[in-house]
Protein chains: 4
Amino acid sequence: MLSETIELRGHIIDSLILPKVLDEIITHGGSFKITEIKIGENRADQSFARIEVRGPSAAALDDLILRLRQHGAEVVEKKSVQLAAAPADGVFPQEFYTTTNQQTFVRLDDGEIEVQPALMDCAIVVDRTARKATATKFCGVKKGMEIVVGHKGIRVIPQQRSISRKDAFEFMAGNVSIEKPKSVVIREIAREFKRAREEKGKILVVAGPAVVHTGAAEHLEKLIEQGYVNLLFTGNGLAVHDIENALYGTSLGVQLEEGEVAEKGRENYMRAINVIRGAGGIRAAVASGLLTSGIMYTCVKHGVDFVLAGSIRDDGPLPDVITDALNAQEAMQAKIGGVTIALMMGTMLHSIAVANLLPATVKMLCVDINPGVVAKLADRGTFQAVGLVTDLEPFLRELAGCIESDR
Amino acid sequence: MLSETIELRGHIIDSLILPKVLDEIITHGGSFKITEIKIGENRADQSFARIEVRGPSAAALDDLILRLRQHGAEVVEKKSVQLAAAPADGVFPQEFYTTTNQQTFVRLDDGEIEVQPALMDCAIVVDRTARKATATKFCGVKKGMEIVVGHKGIRVIPQQRSISRKDAFEFMAGNVSIEKPKSVVIREIAREFKRAREEKGKILVVAGPAVVHTGAAEHLEKLIEQGYVNLLFTGNGLAVHDIENALYGTSLGVQLEEGEVAEKGRENYMRAINVIRGAGGIRAAVASGLLTSGIMYTCVKHGVDFVLAGSIRDDGPLPDVITDALNAQEAMQAKIGGVTIALMMGTMLHSIAVANLLPATVKMLCVDINPGVVAKLADRGTFQAVGLVTDLEPFLRELAGCIESDR
Amino acid sequence: MLSETIELRGHIIDSLILPKVLDEIITHGGSFKITEIKIGENRADQSFARIEVRGPSAAALDDLILRLRQHGAEVVEKKSVQLAAAPADGVFPQEFYTTTNQQTFVRLDDGEIEVQPALMDCAIVVDRTARKATATKFCGVKKGMEIVVGHKGIRVIPQQRSISRKDAFEFMAGNVSIEKPKSVVIREIAREFKRAREEKGKILVVAGPAVVHTGAAEHLEKLIEQGYVNLLFTGNGLAVHDIENALYGTSLGVQLEEGEVAEKGRENYMRAINVIRGAGGIRAAVASGLLTSGIMYTCVKHGVDFVLAGSIRDDGPLPDVITDALNAQEAMQAKIGGVTIALMMGTMLHSIAVANLLPATVKMLCVDINPGVVAKLADRGTFQAVGLVTDLEPFLRELAGCIESDR
Amino acid sequence: MLSETIELRGHIIDSLILPKVLDEIITHGGSFKITEIKIGENRADQSFARIEVRGPSAAALDDLILRLRQHGAEVVEKKSVQLAAAPADGVFPQEFYTTTNQQTFVRLDDGEIEVQPALMDCAIVVDRTARKATATKFCGVKKGMEIVVGHKGIRVIPQQRSISRKDAFEFMAGNVSIEKPKSVVIREIAREFKRAREEKGKILVVAGPAVVHTGAAEHLEKLIEQGYVNLLFTGNGLAVHDIENALYGTSLGVQLEEGEVAEKGRENYMRAINVIRGAGGIRAAVASGLLTSGIMYTCVKHGVDFVLAGSIRDDGPLPDVITDALNAQEAMQAKIGGVTIALMMGTMLHSIAVANLLPATVKMLCVDINPGVVAKLADRGTFQAVGLVTDLEPFLRELAGCIESDR
């Protein structure tokens, strides 16, 4: 049996880090001896544990240590990362290390460098001269770049539960229950939004067309007008339905205002696309006075940046849509810096795409009437993702109301 | 090939009756010849068709005619119903006719008698002397009673679509879409509620505990106070959670008011049951001043009648709960007369139980956040059932708001 | 600040007991000092912690200790339970202690007595003379019985995770994912079934009518024939549809065998009820040769005991149905002793009712195509409940196949 | 009141065309007089109706006639289509006619030209010289092309129900019930597959990664090997998970074969992408012997054409993925000719994208465990879309079994 000694620091008991580490050791065929443990007397105190980890073979022990690092385990004897050259453009060396979205450091020679940005599913490109470590997607890699392989010399700082209980995102973490009093939760979220704005954090909204179909556009517009949306990521669907509604008062042919509820088919939808194509894009249509209301109009008027990412089910699309998936990912990635809250509503595709780009420190709130969508998004193993199963229109109405009444 | 001639009358084209009848004939191996057809020139006009139906054997033709009667087909040559005696208490004669919840007549000697009530899944007990025909459940039958067998001499009047398009229940029939602007629909429903009250129709609410869990109780109380609920059918669950909330401010241990969102477990829930058991029941607890708020309290104060029907998952239960399923069905059946609208929220068990007791003329609105529940209830093949997939709390809030603002 | 000292024993780290206890203390406004901690070196070793718990007032400390006891905390200074007399038949004294379904002991004078059975949502009736402590539902209590109040002198042994990882129920605990390779899971379950039979544990099946609708009856019959079902809890629905299928080859009018897929309406369903009512019950119908196949027939033939619990949506019902909810609960409770695995399929009502009667030691497997139902049942905070979101027919087919092939 | 006379031909009663037409007239404020009606005596006979339609204004009547044309109404007085020039590349003239996916003819001078292909959400580009009418998407239009505007001179042939009842797709049209005996349905589908192959129709499979996650890949491979898949449309997700499974035996880190069910995280997934990127693509990886099993391998080996359409949530992606949405739509459109059955499994995004490209004559079968997805796809108002709510693995296992056993 080979062994290695690891150390854990922080709120390792109540953030469940110690139990998870012991669990991993046993589950993967290892055994352990806790050689030292110091548990914080009260919540604010940090705890510490030194554990001797044993595995049946060098490979198994290596594999095990790799897993424990994801939980923040630090190997006592410090080693530098191993690097290998990328064999071709867009291809990583074989044993490349895959990043998580947690804060990560690599040890190079005597010091540690933080990997930037905290982006999942990347390899780490190391520039020895500049002493920089960059999380890089497949398309960003060039032949010969030096890339981290294996797992030595890597330290991950898992997101730890905060000490105060005041934070709605922690309290409700992973909660997707349908039968909950949502008013209380929505008031908490309104408070988080205000706190974010006070602290100059950016609020990102990711939204699908259901925001328009359910008649919730006006509430989202209010949030934009009051400065509670700094960035909107959506697709062709929401934009077209919003513009259809602005131009003709219908959404997929259904009239949203009082009066006759009449099915009008897809004509207005297709015509809305044609009008914006004719104008040369959304901003041009606003500038020329063609588009005078709606979510997209309000974004333009209030200088809220947006990305419309394309999909294969798009009609048209509008000229503003980025139809190439990689370009769209890059466009979103480029704008995501400084975001502290991401509100995702009514779209699984865009929400997952964006969640894959966010660091673990961003608070994610996913709202959908379909419990399956909420569960998929909220269940990302962090204390920072909250799911709410509810109808979009009343959710946004109440959120906008809370924010307004509290001013 | 044997044949029989049937006649259809009413809005047989646009209520889809004629297409369904022709479909049934072909599907079941028959053939037809339309010997006369007169189609109303405009919507208000009734249409008429006389059809010669052919079948390969007497039994097949009989079976076919039985089906066509469910769509309102009338056999030209009029025959009396056939009767047989019940062989034992609680047992029907072998070939008993099973009722639907549509208006039905039986021909006895020279005249027709209407079957009362329009209740599904019953046999028809005929009292020749009193010339009465009664839809009777298994438990109501006594040995020797005369019961309709076969299908001769029965005429069913299927619910036909109304001529005016103003009616929300018809327009949305069977609609369970999630992505719809619900505000418009809720305003329509508020209008139906007002119309019902003006026309002295009773409004029945069937509700599950989610009404309390989601924080919607106060909105339901408003509807009760304003006279828009004449009857409440629910179970032990809603009543206990409502009383737990009234006594301790929690629902299943979750505090519903602003402030700390804290899990308190099941103590309050169990204590609420014990308090009402000690008091001798809900009405006694209101009378003695123990219970001073909540849905059940408001019902008692405003003289709204209620039935609490038991289920095998009940805790306690409260003394007011009818624990025997047959007694509970009878209690509901006894109060259902005069109901014109049934609003069903957050309970599949009670909703199906009640739907089985309602005549086809009652308008049913089913609201649930689970599309499966809504689909099951709304899909009853009538023009009178509407499903709405949404969250209960905002639904009730908006409905109560619409009714109030419009006064 | 007042303080009390508690002790925790067992797998308190990897069963998450210590983290949960510390969490509860902080969350409820207390603070702690860990005065001694000994963590097992490897998984089989038990751990131990002694913690000084401090609270702001005697009442708050009392409340806090009560919560910690649910996690197995033992107060170092031992006290006897407090008892009070029931004020009336069916009513508990005000501050009654509410049981969980975990193993529980009460301290009386110098010794401890185990509460029997391990049944949730009961009060504990103590018979000092016989030194017996009985978990008793509301209806079981008589005026003057001595009942535990407050929380002193109670010790709860929470279900701890087992040491070996071989157990499918632990591994998948709470798992309701749709996108999982179910074949692997089903093979594990088949092994659990075999193990249960070898160890003379009883297997309880709780099933809803979807077992018949989906064409899965034959697979359930195979399990019964091979001795893998010791007890069947179901309702009127499954029994009638099963008998309809046995007598007429249809389920709710849909033919289950190859050939024409034809809707036949509710006649066969109603006739099936009538036939069994005429015969005097299921067993009588089997004895007289009327009923010669199906699930209910196979139960009778193989001496498998069943309970048919009534509900308010039942038609008929069959004479075998216990229509009173309390009587049905009692009938199920009376037969539940010795059950080690409960397989729940296609019924939320019966599954929750039965789950409420089971001790925490019983392994529960809930199978349904609706993720909401599975989540509700699997999420009971134990390591022993497993949820599987899948279609009933292929699930039962594969389970029966695994059991057969492995013999 | 202005009037116009229309004619309807075909199975206008039992395909519900006449009722729908009368309904549209009334609903949109018109009125009608049936001046002639001839109803086929038996099912094979065609019916005929001549109807005088009246509207309150020329615009309203025009609008109404447009709607009636979608149901196949033909205006008695024949007119040529109106054409207008496209104002710019990628922009249609203002009043452009939007196509459906039904067979459509335009009248030009004295004759009629069929619009090719039958593709929805397009404009119709007319080439007078070549006498060709082409359904064209936004991106296909060039400045100056002549495009149909208004609705005159257009004739739509709605898909009519076939006379025989043998066809599973018609029988189950729109059926999404969970509680159905699926074995019967699957046998019908197997027959449709065989019929398609005999009649040289192409079978298109659209599949999401759940096919691999649920362990169903081997069944899909069998269908491919036996020649029952002519075309596979999917995305990066399925391909990567399939290749991960082929290379490492896991899907998203979960082992699919018997043995330990262990979570291995995302390493294998990322490594699989890297391997194929290194090889230069799927076909190259097969050719070089790197990839020797799985769905993608089987497609390559059996010459089954595939399109991998990109999305913004893709990792990697594989070199074979078409990352631009418009290019991906075009690639799919280019291969779709000759498809008679489309089987869609476990992907809403790709299924909707493909459904938008299919003519109304293609039979669509949508299989998903989520009833919402099935409902959205099956509810396209045709007799040709069937939905099945079930688990993918047993569905494909049984389908492959039926096809094999029947040979």
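How much area is buried between chain D and chain A, and what percentage of it do carbon and sulfur atoms give?

The model is predicted, so local features need pLDDT of at least 70 and side-chain atom pairs count only at pLDDT 80 or more, whereas totals for chains, interfaces and linings use all residues. Residues are numbered from 1 along each chain as its sequence is written, chains are lettered from A and ligands numbered from 1 in the order in which they are written, and side-chain values use heavy atoms, with hydrogens and water left out.

**First stop: two domains of chain A**

Colour chain A by its domain assignment: domain 1 (2-75), domain 2 (82-157) and domain 3 (168-405); such bounds come from an automatic or database assignment. Select domain 1 and domain 2 of chain A, whose centres, taken over C-alpha atoms, lie 24 Å apart. Their contact (heavy atoms within 4.5 Å) takes 7 residues from domain 1 and 9 residues from domain 2.

About 740 Å² is buried between these two domains, with 48% from carbon and sulfur atoms. Buried area is the accessible area (1.4 Å probe) that two parts lose on being put together, summed over both.

Next select helix α2 (residues 58-70) of chain A, which gives the most to the domain 1 side, with 5 residues; helices here are DSSP runs of H or I, at least four residues, numbered from the N terminus. That side divides into 2 nonpolar, 2 polar and 3 charged residues.

**Second stop: chain D against chain A**

Now display chains D and A together. About 4000 Å² is buried between them, and carbon and sulfur atoms give 56% of that area. Select F138(D), I312(D) and R313(D), which supply 20% of the area that chain D buries against chain A, more than any other three residues. The contact takes 48 residues from chain D and 49 residues from chain A. Here too the rule finds 0 salt bridges.

Finally, highlight α2 (58-70), α8 (267-279), α11 (325-335) and α12 (348-355) of chain D, each supplying at least two residues of the side that touches chain A. Of the chain D side, α8(D) gives the most, with 7 residues.

Notes. Nonpolar A, V, L, I, M, F, W, Y, C, P; charged D, E, K, R; others polar. Salt bridge = Lys/Arg side-chain N within 4 Å of Asp/Glu carboxyl O.
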